[in-house]
Amino acid sequence: MPTGRRGQAAPPAQPGGEAAEASGTATKTGGEAAESAGAAMAGPPGGIRGMRGLPWRVRVARRLGRELPPPRCGVRWVPRLEVPGAEGVTLLTDHYVPLPDQERGTILVRTPYGRGFPWAHLYGVAFAEQGFHVLLQSCRGTGGSTGQFEPFRNEAADGQATVAWLRGQDWFTGRLGTIGASYLGYTQLALAADPPPELKAAVVQVGVHDPAAIVYPGVDDRAAGRRRWR
């Protein structure tokens, strides 16, 4: 009889399901396997091991982010949702889902810089594991979203279209917040210029509210007859 250790008999063979569970790869039903294929899951409080399947940069950054508070819940990642924007464009959006649903509201991040690192770590996983639904959305013409990217021109309309889409989602509680820096700050201000009733908070981290004043300095002064130049 083969032995695992000297003087000790090897454990008996286990049925397929038990053996798979013991090896850390428990078998799944068809529905569960399909769900796993379409979404990645982060671990419950007390462990980050379940983050297999999320982008590897996000997994590494989260493990290094010891300054973050401990997670309240697990996270499911649903990438590349096709959200309708204005004028018929499609805005690709990654959804970070808290498990179980904590109903703490939704955070929208609209960016032309891609939906991966660092936004997926800083906003996606970090807030979702505290109980918030998080949407990372690529502005039109960027990150796989259709249309043409024209800086500062379409963010208000596309932001409003995204909120209209949110209203039709059964997980949306009617409470919306936004966050982001630089151009991500401008997309928030564009939405807040005509704020939808669902918008409860905006965290603009070093954003610009009047890009025309930067590109064309002094134009408003000339129009007023003051002609002040720097």
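User: Which way do H5 and H6 lie relative to each other?
Analyst: H5 and H6 are roughly perpendicular (65 to 115 degrees). This is a predicted model, with residues numbered from 1 along each chain as its sequence is written.

User: What angle do H5 and H6 pack at, and how far apart are their axes?
Analyst: The angle is about 70 degrees, and the axes of H5 and H6 are 8 Å apart. Axes are lines fitted to C-alpha atoms over the stretch in contact, with angles from 0 to 180 degrees between N-to-C directions. Helices are DSSP runs of H or I, at least four residues, and strands are E runs of at least two, numbered from the N terminus.

User: Which residues meet there, between H5 and H6?
Analyst: H5 brings Glu155, Ala156, Gly159, Gln160 and Val163. H6 brings Tyr183, Tyr186, Thr187, Ala190 and Leu191. Contact here means heavy atoms within 4.5 Å.

User: OK, new topic. How many cavities of 30 Å³ or more does the structure hold?
Analyst: One. The volume of the largest cavity is about 60 Å³. A cavity is a set of points on a 1 Å grid where a 1.4 Å probe fits but cannot get out, and its lining residues have an atom within 4 Å of a point. Volume is the space filled by probe spheres on points joined across faces, edges and corners.

User: Which elements supply at least two lining residues each?
Analyst: Strand E6 (106–111), helix H5 (155–166), strand E8 (176–181) and helix H6 (183–192) do. H6 gives the largest share, four residues. The lining includes Leu108 and Arg110, as well as Glu155 and Gly159. Thr187 and Leu191 are also among the lining residues.

User: What do the side chains of glutamate 155 and arginine 110 form?
Analyst: A salt bridge, 2.9 Å from N to O. The cut-off is a Lys or Arg side-chain nitrogen within 4 Å of an Asp or Glu carboxyl oxygen. Glutamate 155 sits in H5 and arginine 110 in E6, 45 residues apart.

User: How many salt bridges are there by that rule?
Analyst: Six.

User: What is the phi of arginine 80?
Analyst: Positive, about 60 degrees, although arginine 80 is not a glycine. Arginine 80 lies in strand E4, residues 74–84. Most residues other than glycine have a negative phi.

Methods:
This is a predicted model: local features need pLDDT of at least 70, side-chain atom pairs count only at pLDDT 80 or more; totals for chains, interfaces and linings use all residues. Side-chain values use heavy atoms; hydrogens and water are left out. On a 1 Å grid over the protein atoms alone, a cavity is a set of points where a 1.4 Å probe fits but cannot get out, and a pocket is an open set with protein on both sides within 12 Å along at least five of seven lines; lining residues have an atom within 4 Å of a point. Angles under 35 degrees count as roughly parallel, over 145 as roughly antiparallel, 65 to 115 as roughly perpendicular and the rest as oblique.
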